[in-house]
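Visitor: I would like to go through this model with someone who can say what stands behind each label. Could we look at it together?

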Amino acid sequence: MNARLHGLLAEFAEAEHLLAAVRRAREEGYCASCIEAYSPYPVEGLAEALGARHHRVPFWMLVGALVGGAFTYWLEWYSAVVNYPINAGGRPLFSWPAFIPPAVEMTILWAVLFGIGAVLFGARLPRVRHPLFESHEFERATSDRFFLLVRGNDPRFDAQATQSFLGTLSPLSVVEVAEE
Amino acid sequence: MSAVLPRDVLPPVIAPGETNTSISAKISDATLRHPTGWLWIGGFLLSLLACALLFVGTCWLLYAGIGIFGLNIPVAWSFFIANYVWWIAIGMGGTFISAAMFLTRQGWRNSINRFAEAMTVFAVSVSGIFPILHLGRPWFFYWLFPYPDVMNVWPQWRSSLEWDFWAILAYLIVSIVYWYVGMLPDLATLRDRAPNLAQARFYGLLSLGWRGEARHWMRLEKFNLVTAGLAVTLVFSVHSMVALDFSEGLVPGWHETIFPPFFIAGALFSGFAMVLVLGIPLRKWFGFEAYLTERHIVNMAKMMLAAGLFVDYSYFSEIFTAFYSMDKYDVAMTMHRVVGPYAWVFWGTILFNVLLIQLLWFPRVRRNAGAVFAIALGVLVGMWLERFMLVVTSLYEDFLPSAWGMFWPTFWDIAFLIGSIGLFFFMFLLFTRLLPMLSMFELRKLLAARRRAETQR
């Protein structure tokens, strides 16, 4: 029986149980990247308990904001001053206060677009096929159940030992998830 | 202290006894399994009919030109601009609920934000039709966009009409992204609860493979928080630019510094009214009484009253400023509004936006869903009349009496108004059958917060 395992999945009924299980697993020595927790809503403190590394969503949103705002403002200046200057009633070619509103709107738009890019790229989504989706139990992860996954790609992963460890966390069930 | 106000008499935000399981089951079944029903089909056919009217009108407009409408000099803006401002204003209410009330931690907003955001997306989409079709040659609307073309034509960056283009563009895209990204976890719930493979595939594709990983939640939450902050800025800036379309002009009745805040107040006022008009029937038809409780209706009614009072203050201030300035054109414009040939528009506005909403001071009225629904409908009518009043009664008698003239709507003016309402309800009715109407994951979060508060007590 050498079918590669994606991991072992333990099911819990409450967020608190999952949180406790994650903390136990970390104390047990499972590394941050070999365990993962699933919940139907964002559970406070769960990502921190997993030892999730810092993510860069706000950073990329700031980058998007600066790029979008600066580019739009530059474009206004370039088109009105350099590329096609028109003297309209003696108004200054570089009407800097009047150029602010479009730049503000584009600052916000680009920030949000960069943000969604950062969310999806950071989460490696879209990904419509995943080994977990083969598990019948996992269907409730988006409704009312909480799951702890111990990944099989960890060099120290041992199906027997991990199974018995997960059993000590008093889960509702522990199932094997096959690699696809 | 708590005995001062009988607030505890109101039901909680989520009815007692609700669990993660029941929330997921009831809300996803409303989309996946709820029978479609004759009421829905009837409404859908009606909205389709109105969409057909809009389509025929658009074809006729493209063929015959803008002369099919009643507008002419001096009233060069009329129904179309009133419709545009009315619709985009309705959208603002939804963004305000989902963004500003998220930042201020109004937990009860978790029940209404999803369909309020849907309302925003649809209302903004509908509103965008009007300024484009209102151009003499709508097929050149992309000239508003700066692109390197052989004619060497660039947009006029100093014009508020150009700003408006950027504002609508940003607002439409941001509200769609914010709505969709916030919906991913709930689409995943629908995928996992879908009764057949076709639906599972449909929602599987839409949900992009969301699986509720803690690290994904962390990113989504941060994105939602920052976007909420930006969206609030957007609400205020976009509607300010709509107002600047008017106040940059020199016509008495438009050239007023109060316009941006006045328009924002009006936007929130009509947006809250539309949320009530949509939410009260949704609650009844889909059996959402456990999540859209009496508390939501009462709270929304209070917010509508508060926004309405800001609007009323602006009406007062406009009239006061006209007489205080003693500018004869401003005074004449105000008098034309109050006693002129369009006086019925002014008094209609006062009736719906000033007098009718005062009923909401009474707790008994606020708790009566039917009465709140009727008042909200009245507010929507009143706000449309107000937009018409601002646009037309400022234009029809301006500085030179020799250039005065009346505006009367034609069949097509009215057809486009009805058609836009039809298009909005067409999209909203599809939404009620295809997408999760309430935000399930945020309701679960609210439930968890409540349980934590109870155990700490």
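Guide: Pro74(B) is found in the loop between helix H2 (37-64) and helix H3 (79-103) of chain B, helices being DSSP runs of H or I with at least four residues, strands runs of E with at least two, numbered from the N terminus. This is a predicted model, in which local features need pLDDT of at least 70, side-chain atom pairs count only at pLDDT 80 or more, and totals for chains, interfaces and linings use all residues. Residues are numbered from 1 along each chain as its sequence is written, while chains are lettered from A and ligands numbered from 1 in the order in which they are written.

Visitor: What is the peptide bond from Ile73(B) to Pro74(B), cis or trans?

Guide: That bond is cis, with omega near 10 degrees.

Visitor: Why is Met326(B) called exposed?

Guide: A residue is exposed if 12 or fewer other C-beta atoms, placed from the backbone, lie within 10 Å of its own, buried if 20 or more do, and partly exposed in between; Met326(B) has 8, so it is exposed. Met326(B) lies in the loop between helix H9 (294-325) and helix H10 (328-339) of chain B, and its phi is near 55 degrees, a positive value in a residue other than glycine.

Visitor: Why does Arg124(A) count as exposed?

Guide: Arg124(A) has 12 C-beta neighbours inside 10 Å and therefore counts as exposed. Its phi, too, is positive, near 55 degrees.
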